[in-house]
Amino acid sequence: MIGAPPVFIEVEKVLIDRTRIAERVREMADAIAHDLEQELAVDLNSPEAEGRVVFVPIMTGAMIFTADLVRELPFKLSLGLVAVSSYPGESITSKGAHLASDLPADLKGKHVVILDDILDSGQTLSLLHKAITEQGAASVRTCVLLSKQVERVVDIKPDYQGFEIPDAFVVGYGLDYNGYYRNYPEIATLKPTVIADGSSEGHG
Ligand code: 5GP
Ligand code: MG
């Protein structure tokens, strides 16, 4: 039995609940598995597929999304974590993305799926797409749980997206404010007073 979600008095409104998230994550996993199988043109569980698929989650926001998504994928894959920083200090808008870790080693020739929690300005995803393509990956796909309905700074369309959301700052299911709320199991907005008072160390 699934217990009651943690309660945070700072949460204003739940936009997407855990049941809808779980359903959509399964659908996305099916779509990704289908496309990779076509791309590699072999059964993903066959020896020919082994070692060729790498998922690259962008830390820390994509952590919970990744944990759920990869457990819906019934074939061998590896994970290569990467960190990108774009929300320094108290900001709740992107200040431009830059790599905050090394890229995973040995992406050359691999079929890569980049995973992120949310697409906003597009800078994070395009930065990584470019960097991983330059490493000589055989294919690069992008997958986000959420896509904000905003005008992008960089025009990038993810190959897979879970939900479109309005232009609001959201937390939960891996997304933080001031380092907190990642363990809130649904996608939610915070009360404006919280954000106004926050002294953020940045987001991921
Ligand atoms: P972009 O580079 O597309 O502007 O932003 C993507 C990154 O910004 C995401 O990886 C995420 O870390 C952060 N981000 C964008 N919008 C939100 C939001 O509403 N809430 C939180 N917590 N992080 C966000
Ligand atoms: Mg991030």
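User: In what order do the elements of the protein run from the N terminus on?

Analyst: Keep in mind that this is a predicted model. The protein has 4 helices and 10 strands. Reading from the N terminus, the order is β-α-β-α-β-β-β-β-α-β-β-β-β-α.

User: What radius of gyration does the protein have, and what would a compact globule have?

Analyst: The C-alpha trace spans about 55 × 40 × 25 Å along its principal axes. For a compact globule with 204 residues you'd look for a radius of gyration near 17 Å, and the protein agrees with that, so the value here is 17 Å.

User: What share of the contacts with a separation of 6 or more comes from residues 24 or more positions apart?

Analyst: Start with burial: of the 204 residues, 47% are buried. As for the contacts in the protein with a separation of 6 or more, the share from residues 24 or more positions apart is 64%.

User: How do α1 and α2 cross, left-handed or right-handed?

Analyst: Helix α1 covers residues 18–40 and helix α2 covers residues 63–70. Their axes come within 9 Å and cross at roughly 65°. The handedness of that crossing is right-handed.

User: Which residues of α2 do V25, M28, A29 and I32 in α1 meet?

Analyst: On the α1 side, the spacing of the residues is worth a thought. An α-helix has 3.6 residues a turn, so residues three or four places apart point the same way. From α1, the residues V25, M28, A29 and I32 take part, and their partners in α2 are F65, D68 and L69.

User: How many residues of the contact of α1 with α2 are nonpolar, polar and charged?

Analyst: The α1 side brings V25, M28, A29 and I32, and the α2 side brings F65, D68 and L69. Aspartate counts as charged, and D68 is in the α2 set. The division comes out as 6 nonpolar, no polar and 1 charged.

User: How far apart are the end C-alpha atoms of helix α3?

Analyst: Helix α3 takes in residues 123–134, which makes 12 residues. At 1.5 Å a residue it should span 16 Å, and the model agrees, so the end C-alpha atoms are apart by 16 Å.

User: Which strands do the buried residues of α3 pack against?

Analyst: The buried set in α3 is T124, L125, S126, L128, A131 and I132. The strands that the buried residues pack against are β2 (53–59), β4 (82–85), β5 (98–99), β6 (111–119) and β7 (139–148).

User: Is T124 buried or exposed, and which residues does T124 touch?

Analyst: T124 sits in helix α3. Its relative accessibility is 15%, so T124 counts as buried. Leaving out residues up to four places away in sequence, T124 touches I58, V84, S86, A97 and D116.

User: Which peptide bond is cis, with omega near 0°?

Analyst: Look at the loop between β2 and α2, where T60 has its place. The cis bond, with omega near 0°, is the one from M59 to T60.

User: A41 and Y173 have positive phi without being glycine; is each one buried or exposed?

Analyst: A41 has a phi of about 55° and lies in the loop between α1 and β2. Y173 has a phi near 50° and lies in the loop between β9 (170–171) and β10 (187–190). With a relative accessible area of 65%, A41 is exposed. At 6% relative accessibility, Y173 counts as buried.

How values were computed: Residues numbered from 1 in each chain as written. Chains lettered and ligands numbered in written order. Predicted model: local features only at pLDDT ≥ 70, side-chain atom pairs only at ≥ 80, totals over all residues. Heavy atoms only, no water. Helix = DSSP H or I, 4+ residues; strand = E, 2+ residues; numbered from the N terminus. Expected span 1.5 Å × (residues − 1). Buried < 20%, exposed > 50% of the residue type's maximum accessible area, 1.4 Å probe, protein only. Contact = heavy atoms within 4.5 Å. Axes fitted to C-alpha atoms, helices over the stretch in contact; angles between N-to-C directions. Left-handed = near helix turned anticlockwise from the far one by under 90°. Rg over C-alpha atoms; globule rule 2.2 N^0.38 Å.
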